[in-house]
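Trainee: Could we go through how the labels in a structure description are decided? I would like to see each value set against its definition.
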Amino acid sequence: MGRFIIIRRFRCSSRLDTLELILADEKGDRIQASIGLDCLAYDLSRLVEGTWIFIKDFGLVDAVGSVRPTRHAYKILWNLSTSFQRTVVTASVDYFKFVRFEDVLAGLVDPSVCVDLIGRLMCVGNYDEDEGMNSTWEQIYLELENVRGIRIRCRLPKGYATKFFSGLKTCADNIILCVMRFARLELSRGDMRATTLCTCTELLFNPSCDEASRMRLAFASVERKLF
């Protein structure tokens, strides 16, 4: 048994018969949970992102796969005897696990485990399209920059185009901070870049978290010095 907050709910096209959750405990440690087809007949609509739940009578299996959403060695297996109820927990953790761009580019980050990235959105493009930015692009390439001026390239497949441009429209100022949560790392032409893991990866613009606040202040300070 345990208490967790649901920080991600998703399905993968290769496993449409399961519902996947990413859970975090009060310390911010994450673990994946899989709910199989035999349990999907139950009312799972109460499993909402941002909700704290108390779970009991679940199984644990080894977390396997070439790429995993969390670094936890085990995965929760939801079965017919598993039950849950909503609960309330007061915790001051924001549940992000940001990694340094420098460490990603230097190959110091395990590419078999998804990561959280945050940076200032610097450019958006598509190498195969001549027209301006729009949600019909087959792929989107963007670059994020950290406060030390280090940039990392990211690739978003077509399924994320609408989400990306919809989120971009909500940004009102010239400092646009973008988070790729549960980003998958891939090697492209000798360099590491970030991409998505099925629908698990989440895009957030100007999120409310401590790291975003510090980063915004740092970029704003640099701009004031320039002018």
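Trainee: Why is Cys-154 called buried?

Mentor: Buried means under 20% relative accessible area, exposed means over 50%, and partly exposed lies in between, with a 1.4 Å probe and protein chains only. Cys-154 has 0% relative accessibility, so it counts as buried. Cys-209, at 6%, counts as buried too. Keep in mind that this is a predicted model, where local features need pLDDT of at least 70, side-chain atom pairs count only at pLDDT 80 or more, and totals for chains, interfaces and linings use all residues. Residues are numbered from 1 along each chain as its sequence is written, and side-chain values use heavy atoms, leaving out hydrogens and water.

Trainee: How do you know that Cys-154 is too far from Cys-178 for a bond?

Mentor: A disulfide is a pair of cysteine sulfur atoms within 2.5 Å. The closest cysteine sulfur to that of Cys-154 is in Cys-178, 7.1 Å away, so the two are too far apart for a bond.

Trainee: What makes Cys-12 and Cys-198 a disulfide?

Mentor: Their sulfur atoms are 2.1 Å apart, and the structure holds one disulfide. Cys-12 lies in strand β1 (residues 2-12) and Cys-198 in the loop between β12 and β13, so the bond ties together parts 186 residues apart in sequence. Strands (E, at least two residues) and helices (H or I, at least four) are DSSP runs, numbered from the N terminus.

Trainee: Are Cys-12 and Cys-198 buried or partly exposed?

Mentor: Cys-12 has a relative accessible area of 8%, so it is buried. Cys-198 is at 27%, so it counts as partly exposed.

Trainee: What makes the phi of Asp-57 worth a look?

Mentor: Most residues other than glycine have a negative phi. Asp-57 is not a glycine, yet its phi is positive, near 60°. Asp-57 sits in the loop between β4 (52-56) and β5 (59-62), and its 46% relative accessibility makes it partly exposed.

Trainee: And why is Arg-189 called exposed?

Mentor: Its relative accessible area is 85%, so Arg-189 is exposed. Arg-189 also has a positive phi, about 55°, without being a glycine, and is found in the loop between β11 (177-188) and β12 (191-195).

Trainee: How do you know that the buried residues of α2 are on the same side?

Mentor: In helix α2 (residues 161-169) they are Ala-161, Phe-164, Phe-165, Gly-167 and Leu-168. They cover an arc of only 160° around the axis, so they lie on the same side of α2. That arc is taken from the directions from the helix axis to the C-beta atoms.
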